[in-house]
Amino acid sequence: MYLILRNIIRFLVVLLFQVLVMDNVMINGYLIPYIYLLFILLMPFETPVWAQLLSGFLLGMSMDLFTGTAGLHTAATVLAAFVRAHLLKLLAPRDGYEPETFPRIHYYGLLWFLKYTFIIVLIHHLALFYLEVFQLKEFLSTLVRVVASSILSTVTIVLSQYFVFRK
Amino acid sequence: MRTLLRFIQKYSSLFLFLLLEIIAISFMIRGSHYQHSKLVGLNRQVTGYIYSRVDGAREYFSLREENLRLAEENADLRNKLDRIVQKTDSALVFSELHDSIRYFFVPARIVHNSVYKQYNYITLDKGKKQGVFRDMGVISDRGLVGIVLESSASFSTVIPVINRDFRLSAKIQTNDYAGILHWDGSSPRYAMLAEIPFHVELSKGDTIMTSGFSSIFPEGIRIGRIESFSLEKGNFYDIRVELFTDFQHLFHVNVIRNYRQEEQRNLENRTR
């Protein structure tokens, strides 16, 4: 119960932080750090897949409502949630995740978290940016934006682990 | 039957994933109607309120810059007024003037503004209550900003030049040739002018302004200047226009109410 409440609060904090602060932080004209994925990343290991997918759907919908885009963030975030559910199995340590731990640097180390975050962020950004452009005409320039934005988002998310969402 | 059930159970998360993605993509496909839907109208009131609360802080930090710009504009307007007063010293002229008033400006504050997306939108703190309606033009003190897309009771959304869906007729000041202004999504500082035929003589720095062919903007609202041009694709120039309006530092705008927009529209519809 406590866990669910904590996740709901995190959902709201991450969402508001994204639309009110991060959407105004733009680096070099192209890049917005999408920190709202942090919510997807930090959900407990035991979360059932359907709950992960539905949370991704709700989070994406809320982003869409704030930014005035139709279904764009929803599609990308549901994909991110789906990938996460399967990626966790791939990245699991030999004897599985220990109970009472969370997918954080604190428990599984920087390298693990970096791998985990970057893959999900990259897939999310690939979907987001290409769906936004909705054509392959500017394939390369979009790819540059995807990679650059992914690095920026990952760095922001990892840094946030040291400052805000430490435990 | 049992195998089917087991199959569904085994891949239930995959099915849920596909279902949610189909919903999301159907939103995207109906995207153009989405901006006008009831849900978004309600949402515009809510997010508009949240944004306007937070925006106070952002505005505070640029007060000095903003003051300077307003002072400049003030001086400019005073000069223009002076010229008019010198020209007109009889009451007669005022009645003439009254007849020629077609446009009225509603000042508005920007409460939300996106710049670095492909489909950028601006939210203003004025809506139907203040007389801001769909298809009204929006300008800043520097030049063209965009067109009102939709308004709720006290907020409205604007589709700015820097949105891939934006189209407006614009002309070159020096020779009055008109083309279509649009945006290629690359940089918020530049827009593109298309459909200027190859025989027109152009030079860098020529001013681009609104043509006045639509009922949205009066003629001669400044848009930008020609930054570069090329003749790659056959008969028409690719013209890159440096925009006068700095969308990254935009706080106050004016919405243009055209008193005769309705009249012009009705006439045009009847003739068609």
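Two strands pair if DSSP finds at least two bridges between them. Helices (H or I, at least four residues) and strands (E, at least two) are themselves DSSP runs, numbered from the N terminus. The model is predicted: local features need pLDDT of at least 70, side-chain atom pairs count only at pLDDT 80 or more, and totals for chains, interfaces and linings use all residues. Residues are numbered from 1 along each chain as its sequence is written, while chains are lettered from A and ligands numbered from 1 in the order in which they are written.

In chain B, strand E12 (residues 252-258) has two partners among those described here. Strand E1 (residues 103-113) of chain B runs antiparallel to E12(B), and seven bridges join them. Within E12(B), His252(B) stands opposite Arg109(B). Strand E3 (residues 137-139) of chain B is also antiparallel to E12(B), with three bridges. Here Ile139(B) faces Asn254(B) of E12(B) as its opposite residue.

Two loops of chain B hold residues with a positive phi. Most residues other than glycine have a negative phi. Asp135(B), not a glycine, has a positive phi near 70 degrees. Asp135(B) sits in the loop between strand E2 (122-124) and E3 of chain B. Burial is judged by counting other C-beta atoms, placed from the backbone, within 10 Å of a residue's own: 20 or more means buried, 12 or fewer exposed, and anything in between partly exposed. Asp135(B) has 14 such atoms, so it is partly exposed. Glu195(B) likewise is not a glycine and has a positive phi of about 70 degrees. Its loop lies between strand E8 (190-194) and strand E9 (207-210) of chain B. Glu195(B) has 15 C-beta neighbours inside 10 Å and therefore counts as partly exposed.

A nonpolar core is a set of buried Ala, Val, Leu, Ile, Met, Phe, Trp, Tyr and Cys residues joined through C-beta atoms within 7 Å. The largest such core has 44 residues, of which Leu124(B), Val158(B) and Ile223(B) touch the most other members. Strand E4 (residues 144-151) of chain B gives the largest share of this core, five residues. Two residues are in contact if their C-beta atoms, placed from the backbone, lie within 7 Å. Beyond its neighbours within four places in sequence, Val158(B) is in contact with residues including Tyr121(B), Leu124(B), Val138(B) and Ile147(B). Apart from this core lies another, of 40 residues, among them Leu53(A), Leu65(A), Phe66(A) and Phe82(A).

Chain A has six helices and zero strands. Of its 167 residues, 38% are buried. Among its contacts between residues at least 6 apart in sequence, 69% join residues at least 24 apart. The buried residues of H1(A) are Val14(A), Gln18(A) and Val19(A). Seen down the helix axis, they fall within an arc of 115 degrees (taken from the directions from the axis to the C-beta atoms), so they line one face of H1(A). These buried residues pack against helix H2 (37-42) and helix H3 (49-67) of chain A. The face turned away from them carries exposed residues, including Tyr2(A), Arg6(A) and Leu12(A).

The two chains touch. Their contact takes 28 residues from chain A and 23 residues from chain B. On the side of chain B, helix H2 (12-29), helix H3 (31-34) and helix H4 (38-61) each supply at least two residues. H2(B) gives the largest share, nine residues.
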